[in-house]
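Subject: Structure handover

Hello,

Here is the structure for your files. My notes on it follow below.

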Amino acid sequence: MPRPLNFRQLEAFRAVMLTGSMTGAGHSMAISQPAVSRLIHDLESELQLELFQRKGIHIVATEQAHQLYREIERHFAGTDRIREAARAIRLSTAGYLHIGAMPNLSAYCLPAAISALLKEFPEVVVSIHPDSSVNLLSMLRHGQLDIAYGSPPVEAGDIDHDPFPTTHAVCIMPKDHPLARKRQIAVKDLHDQDFVALGPNSRLRMQLNLAILQAGVRPNIRVETLHSSSVISHVHHGVGIAITDPVALVGPQAEDLVIRPFKPTISMEFSAVYLRSGPRSRIALALTTILKQVVAD
């Protein structure tokens, strides 16, 4: 059975990657530069990898080092969360709430809800992780989140969810756009229009692609971006029109845009998602109630 890796060696490696030098790593770890060099040398021997190359008086991380660093950062992210949780436990009687949310909720709706939550629970510490629904469910299952706001899986015996009201995708555009005169935008109206699209893995994009294919139209895609908030920003600056979730249209950038219903109807569904096993945090339940009201408003 292989022996566990030496944590101090991993800490030294991470410090060198973050500071760019053995000396800088030594300062951050409060040890000498030779001690850091020895830890790195031992780690290279243990893993049988070349992590750094010398270029004159400088060191340069190898490609192997960059690959290893990405893996180690995941480990340290977990330990950092443990430290933050411990700090919150020491300082707070209410506790520590880990929230995951789709990016379109994280931009404006969630901050408004958390602001209201903290008035009710002033000592709680909230940690927010914006990500895709797939990644949020994985984090929930690994115990990294207390609650996630995203699309629940179609089949998941280990997941419970509290659905939010269904919303429907809308078309957004600058006020001076020719289509702004229409009361409703149909998929055929997108033909040859400069267009800002969500990423290809977005559920909304998948449904929109199907409607576009069936209608035989072709928008002129100018920008493709992962987050609804970015879509709104690009439309705000006149890059093109877009189809987006109305939940993302909370905030000052949307005030200068024209919003029109879109046909065919593209339904957008998300829920408060919990693990079926284990108790639900009363603070998480309170946040869900508040967030539902923010979304409704």
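The lining of the largest pocket divides into 12 nonpolar, 14 polar and 4 charged residues. In this count Ala, Val, Leu, Ile, Met, Phe, Trp, Tyr, Cys and Pro are nonpolar, Asp, Glu, Lys and Arg are charged, and the others, Gly among them, are polar. The model is predicted: local features need pLDDT of at least 70 and side-chain atom pairs count only at pLDDT 80 or more, while totals for chains, interfaces and linings use all residues. Residues are numbered from 1 along each chain as its sequence is written, and side-chain values use heavy atoms, with hydrogens and water left out.

Pockets

The largest pocket holds about 810 Å³ of space. Among its 30 lining residues, Met102, Ser133, Ser151, Ser202 and Arg203 are the closest to its centre. Two or more lining residues come from each of α5 (103-107), α7 (133-141), β6 (159-163), α8 and β14 (267-268). The largest share is that of α8, with 3 residues.

A pocket here is an open set of points on a 1 Å grid over the protein atoms alone, where a 1.4 Å probe fits, with protein on both sides within 12 Å along at least five of seven lines; lining residues have an atom within 4 Å of a point. Points are joined across faces, edges and corners, and the volume is the space filled by probe spheres set on them. Helices (H or I, at least four residues) and strands (E, at least two) are DSSP runs, numbered from the N terminus.

The second largest pocket has about 180 Å³ of space. Its lining has 6 nonpolar, 4 polar and 2 charged residues. Among them are Leu140, Asp146, Tyr274, Pro279 and Arg280.

Nonpolar cores

The largest nonpolar core contains 33 residues, and Ile172, Met173, Leu190, Leu208, Ile243 and Phe262 have the most contacts inside it. The elements giving two or more residues to this core are β8 (170-174), β10 (194-198), α8 (203-215), α9 (228-236), β12 (242-244) and β13 (257-263). Apart from this core lies another, of 26 residues, including Leu97, Cys109, Ile114 and Val295. A nonpolar core is a set of buried Ala, Val, Leu, Ile, Met, Phe, Trp, Tyr and Cys residues joined through side-chain atoms within 4.5 Å. Buried means under 20% relative accessible area, exposed over 50%, and partly exposed in between (1.4 Å probe, protein chains only). In soluble globular proteins, nonpolar side chains tend to be buried together.

Leaving aside neighbours within four places in sequence, Leu190 is in contact (heavy atoms within 4.5 Å) with Ile185, Phe195, Leu208, Arg218, Pro219, Ile241, Ile243 and Phe262.

Helices α1 and α2

Helix α2 (residues 22-29) has Met22, Gly24, Ala25, Gly26 and Met29 as its buried residues. They pack against α1 (7-19), α3 (33-47) and β2 (58-61). At the start of α2, a side-chain oxygen of Ser21 comes within 2.8 Å of the backbone nitrogen of Gly24. Ala30 follows α2 and has a positive phi, near 60°.

Beyond its neighbours within four places in sequence, Gln9 is in contact with Leu39, Asp42 and Leu43. Glu11, also in α1, is partly exposed, with a relative accessible area of 23%. Glu11 and Val250 are 239 residues apart in sequence and 42 Å apart in space, C-alpha to C-alpha.

Backbone exceptions

Most residues other than glycine have a negative phi, and most peptide bonds are trans. Gln48 is not a glycine, yet has a positive phi of about 55°. Gln48 lies in the loop between α3 and β1 (52-55) and is exposed, with a relative accessible area of 72%. The C-alpha atoms of Gln48 and Leu210 are separated by 50 Å, at 162 residues apart along the chain.

Asp192 also has a positive phi, near 65°. Asp192 sits in the loop between β9 (185-186) and β10 and is exposed, at 56% relative accessible area.

Lys263 and Pro264 are joined by a cis peptide bond, with omega about 5°. Pro264 is in the loop between β13 and β14.

Regards

Technical notes: Polar contact = N/O pair within 3.5 Å; in protein donor to acceptor, adjacent residues only side chain to side chain.
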